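Colleague: Could you walk me through this model? I would like to know what stands behind the terms.

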Amino acid sequence: FPSHDKGNKDKVESECASDSIIEDSQAPIVEVQTQPARQTNESMSIVTFIAKDALSLIKEVECLSSQNSSFTSCIQSFSQMNISEGTQSLQIRAKDIMNNISDPVSVTWIFDKTPPVIQFTQTPALLSGNPVAMFRFTGSDKFTPSAELTFSCSVDGGVAEKCSDSFSKNVGAGSHKFTLIGKDIAGNESHIVTGKQIGRAH
């Protein structure tokens, strides 16, 4: 009988041991927490993220930026100096202790430090008897579509008003200053100031 009891004990221990084994073929998940704006003029860009695994511990997290040629170790954040204008990218992947590797998660943004180009297409005559000053203008940008540029207009240093492709203002006789500001998505601004003399028609 003792030998029979020992056999049962070994069997139970064997079953317990087998029950404690976890098969893990599931890759970790990487979630991006914060990232640069779609277009930015900030020279430093920071991406923060978290890696999760339902069954195992995270072994390592790696990042590959468009400025590097291979993945390097990163923990919960990645920062880089935006050296050249244009599209920047970052890939993030995680590996658990079972060596399951996640698909890379990609983050992209545009580094833009160039202001838009704005120009007048119509201005009042240098000396005009019309009290309504009419201005028309256009803008273009290296990265921002023209339709997404924003403009503000003001006369004689007054409060700037939102304007699109034209602006008119009723002004009195005398010299007047018109200011046009164009801004792209990244926040770069261009300023144009022009002076006009509004006189009385004779």
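Modeller: Let us begin with Leu 64, which stands opposite Gln 91 in strand 7. This is a predicted model, where local features need pLDDT of at least 70, side-chain atom pairs count only at pLDDT 80 or more, and totals for chains, interfaces and linings use all residues. Residues are numbered from 1 along each chain as its sequence is written, and side-chain values use heavy atoms, with hydrogens and water left out.

Colleague: What makes strand 4 and strand 7 a pair?

Modeller: Two strands pair if DSSP finds at least two bridges between them. Strand 4 (residues 58–65) and strand 7 have 7 bridges and are antiparallel, so they pair by that rule.

Colleague: What makes strand 1 and strand 6 edge strands?

Modeller: An open, antiparallel sheet has 3 strands in the order 1-3-6. Strand 1 (29–34) and strand 6 each have a single partner strand, so one side of each is left without a neighbour in the sheet.

Colleague: Why is Ile 83 called exposed?

Modeller: Exposed means over 50% relative accessible area, against under 20% for buried and partly exposed in between (1.4 Å probe, protein chains only). Ile 83 has 63%, so the word exposed applies. Ile 83 lies in the loop between strand 6 (77–81) and strand 7 (86–96).

Methods. Helix = DSSP H or I, 4+ residues; strand = E, 2+ residues; numbered from the N terminus.
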